[in-house]
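These are my notebook entries on a protein that I examined for the first time. I set down what I looked up, entry by entry.

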Amino acid sequence: MKKMSSEELRQSFLDFFSDKDHLIWESAPLIPQDDPTLLWINAGMTPLKSFFDGSKKPPHPRMATTQKCIRTNDIENVGRTARHHTFLEMLGNFSFGDYFKKDAIKWAWEFLTEKLELDPERLWVSVYENDQEAFDLWREEIDFPEEKIAFLGKEDNFWEIGLGPCGPCSEIHWDRGEEYSCGPSCTLGCDCDRFLELWNLVFTQFDKKEDGSYETLPKKNIDTGMGLERLASVLQQAPSNYETDLFLPYIKHLEELSGVSFAESRGQEEMAFRVIVDHIRGIGFALADGALPSNEGRGYVIRRILRRAARFGRQLGLEEPFLFRLMPLLQEKMGPVFPELLERGGYIAEITRIEEERFAETIDQGLEILEDYIEQLKQEGGKTLSGPEAFKLYDTYGFPLDLTRDVLYEEGLDLDEEGFNQEMEEQRERARKDQAHKSLGFGDQKGSRLENLVKELEPTRFTGFDSLKEEARVLKTMGPGERKEDLRSGDSGFLIVDKTPFYPEGGGQAGDKGRLYNSGVKGRIKDTYQHEGLIFHEVEINEGSIAPGDNLGLEVDEGRRMATARNHTATHLLHQALRQVLGTHVQQAGSLVDHLRLRFDFSHFKALGSAELKALEKEVNRQILKNLPVRAEYMSLGEARDRGALAVFEERYQSRVRLINIGPGYSQELCGGTHLQTTGSMGPFKIISEAGIAAGIRRIEAITGFNTLEYFDKQEQRLQKIASQFKASPDELEKRLDQLVKEKELLQKKLQKAQSYSLADQARDLLQKKEQIGDITVVRQRVEVDGPQELRQLGDMIRDHLESGLILLATEQKGKAQLLTMLTQDLIKEKNLHAGKMVNEMAAILGGGGGGRPDMAQAGGPKSELIEKALQDLERFLQKEKDKNK
């Protein structure tokens, strides 16, 4: 057996298949590019699905990769076993209608036994129970012993992940030896640690459909996968994956940070090392590929494993953020193979540090409460933490469910996850109904009435994409008091019709407003809402009356609708511009558009600079000036996905979706809102604010069209007013302000010089008031100064004229007390006094605290009325210190 580093092993695999006429294909990003049904790339074949199902032509009929993968189905086991990981590298060779089982088996055997020189006697094989062809190939082509081939069922030897390409497989296993056996009857397929799966050869010949059926693919394919981590453990003769060169550098660094030895660690300490060094790879690679921590989707996976690693750091005594300190090592070790780590090195470490710091703010309180629950549970002889208690930890204290689960597992306790999920669903349902009831003015007591309407009436037909006017029939009126069957002049209420051009509030877009009319009726539609397919018009009747069965004319306010459409189309342009300027990690996190402005929330890790904001404005306005067509198309979700349409991962889409295409080829997004026909009718686009609203989430507010012109007009008026106040024209204003700034700086220097003379006079006065407490010279006084900086300057002036002594000064600033203590070096050495301890005790009298160095310290507190009492406490403190030193 050759002993090889992981770098050599990876390259050896790629070189071997390159020699077999395979195209070496670069690893795809961890985030699926065109498949919103998947959180992560979780296998080598996942990015190649379209080649397998025949929808795209592969660049070569034979390919080989080393693919980055994240698997999250068993995060709880990572660290507890020798081989579970969140992040792993999958070595794979693939055939698209070219070679099939015979060559796949033959080359796998050749690579393992000839290239790597593994002992054939220690290799075992499994095949699918119905795959006699594979069994015969192993026997006849490889001359493999029949007694070392196991027929296994679908659970073990049939590969499929969700829908799409799948098929039977044959696995090659490494026999670790009888010392790992579970007993005399131990054989391939049992659950012990003796047989280690090395390589899975998948014979992809079926396509799994949504109805569960399997269709034969147009061409039979080969998809193989071999984990680099497991293979390295065999070649490096390591007892676990963690003791290979893929993990040991991080373990060594952790030992230096924590002072704990991995070799000597056991139990929770050993598990902590494993969890951290596994999770750090998953975090780093995911961030490099554009994921960001959040509370949903893949962002939640990153947040979950990062927080899990941070919590296990405490098992090693690492209380402060430390994971970000491991990121440079990850870039050093893996960057040569995966350059995205090097390109985004600072970004990865910064995001990790920010997330660690935010988690540190909440973990202690949550752990303390969970520990109380556990103690109570054990006293009562219970074994399961209740769902409501787990939900309270999550909802009230922000303590993640996965960490609750981890802690309980370590204590040998279970979690009532069904109860937790029930609490969560009840809260969501309450929020959903409350929002609908409040939007429609029903209140909680009318909830049943709203649900009855949904059952009673057919969904409202929306016609507003084609026209802003409609002739409709009234289905239901909801008026004030007991009058439920009609709405009369002067009444306000709600109206449901069979069809309407009024767009209801939803998808981040405000509802339409407008008017209603017929021969005897005039009224105003003040807003529009929707609930479960029904569109509710909030109305005010000015003349006549309305009852079910009446025919009405409905007309949307065109100016308002157009202004809203400008802003909505602008969000799509802004989204694309953000991805171009900041990077493809940008994902939509929310939006709001109405006739006045647009608001767009997106994932990004830091504030945008002025240059970035200008670049965004320039890009959006460039696309406006191109007057690009804006088209809406209806299609299946699969077709939209194949076109590369942007979609919000957490959003639930129908099987048929609406695609807004701005282009050709500029922007494609799934969207149900109202839009312009061309970008040129949007008018000028202007960003008016950018700010952070949550961890890793930024918000841009912007305006378009006439609102932008009005904004510029107001800015011009403001500029004219300011210029006149400074007696200058707008063109001369900048020069005038520069002149005033220089004059201000000169005056500030003169003022500081005058204040310095004033402080010197005050210091001389205080020195004349010095006193003796025992054998210590003391300057103790309440003073009037302008802030803590002047207080320190005054203290320094006094100390410069004290050969030996103690200074205690107090002042009041904005109703709060501030203290300063200073000591000469002889009092520190001979009297064992400490300025920080002294000021902290006296600040306690003021209701505050503080500290500092032995020779100088500051503190403060809200009780400024007790300043004199704090000053007089000095005698007590000095006597206490004197007694301690006897």
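**Entry 1: surface and overall form.** I began with the surface: the protein exposes about 42400 Å², of which carbon and sulfur atoms supply 45%. Accessible areas come from the Shrake-Rupley method with a 1.4 Å probe, and for residues only the protein chains shown count as cover. I noted that this is a predicted model, in which local features need pLDDT of at least 70 and side-chain atom pairs count only at pLDDT 80 or more, while totals for chains, interfaces and linings use all residues. Residues are numbered from 1 along each chain as its sequence is written, and side-chain values use heavy atoms, with hydrogens and water left out.

I recorded a span of about 105 × 95 × 65 Å for the C-alpha trace along its principal axes. Of the 886 residues, 50% count as buried, that is, under 20% relative accessible area. I found 26 helices and 34 strands; these are DSSP runs numbered from the N terminus, helices being H or I of at least four residues and strands E of at least two.

I then looked up contacts, meaning heavy atoms within 4.5 Å. Among those between residues at least 6 apart in sequence, 67% join residues at least 24 apart.

**Entry 2: charges.** I noted 119 positive and 151 negative side chains, with the centres of the two sets 6 Å apart. Lys and Arg count as positive and Asp and Glu as negative, without His and the chain ends. Each charge is placed at NZ of Lys, CZ of Arg, CG of Asp or CD of Glu.

**Entry 3: strand β8.** Strand β8 covers residues 195-208, and eleven of its 14 residues are buried. I checked its pairing, which requires at least two DSSP bridges between two strands. Strand β7 (residues 164-175) pairs with β8 in the antiparallel sense over ten bridges, and Cys166 has Phe206 as its bridge partner in β8. β8 and β9 form a hairpin with five residues between them, and Gly212 in the turn has a positive phi of about 90°.

**Entry 4: the barrel.** I traced a closed barrel of six strands in the order β13-β15-β19-β18-β17-β21, with antiparallel pairing. Its twist averages 45° from one strand to the next, taken between lines fitted to C-alpha atoms, with angles from 0 to 180 degrees between N-to-C directions. β13 (residues 469-478) and β21 (residues 551-556) are joined by five bridges, and Arg473 stands opposite Asn551 in β21.

**Entry 5: Leu534.** Why does Leu534 count as buried? Leu534 does so because its relative accessibility is 1%. Leu534 lies in strand β19 (residues 534-543). Its C-alpha atom is separated by 5.1 Å from that of Thr460, 74 residues apart along the chain. Beyond its neighbours within four places in sequence, Leu534 contacts residues including Leu453, Ile496 and Tyr529.

**Entry 6: an open sheet.** I found an open sheet of three strands, β24-β25-β26, paired antiparallel. Its edge strands are β24 (630-636) and β26 (667-670), each pairing on one side only. Seven bridges join β24 to β25 (residues 656-662), and Val630 has Ile662 of β25 as its bridge partner.

**Entry 7: helix α10.** In helix α10 (residues 327-334) I listed Met327, Leu329, Leu330, Gln331 and Met334 as buried. The buried residues of α10 pack against several elements, among them α1 (6-18), β3 (87-96) and α12 (345-379).

Notes: Buried < 20%, exposed > 50% of the residue type's maximum accessible area, 1.4 Å probe, protein only.
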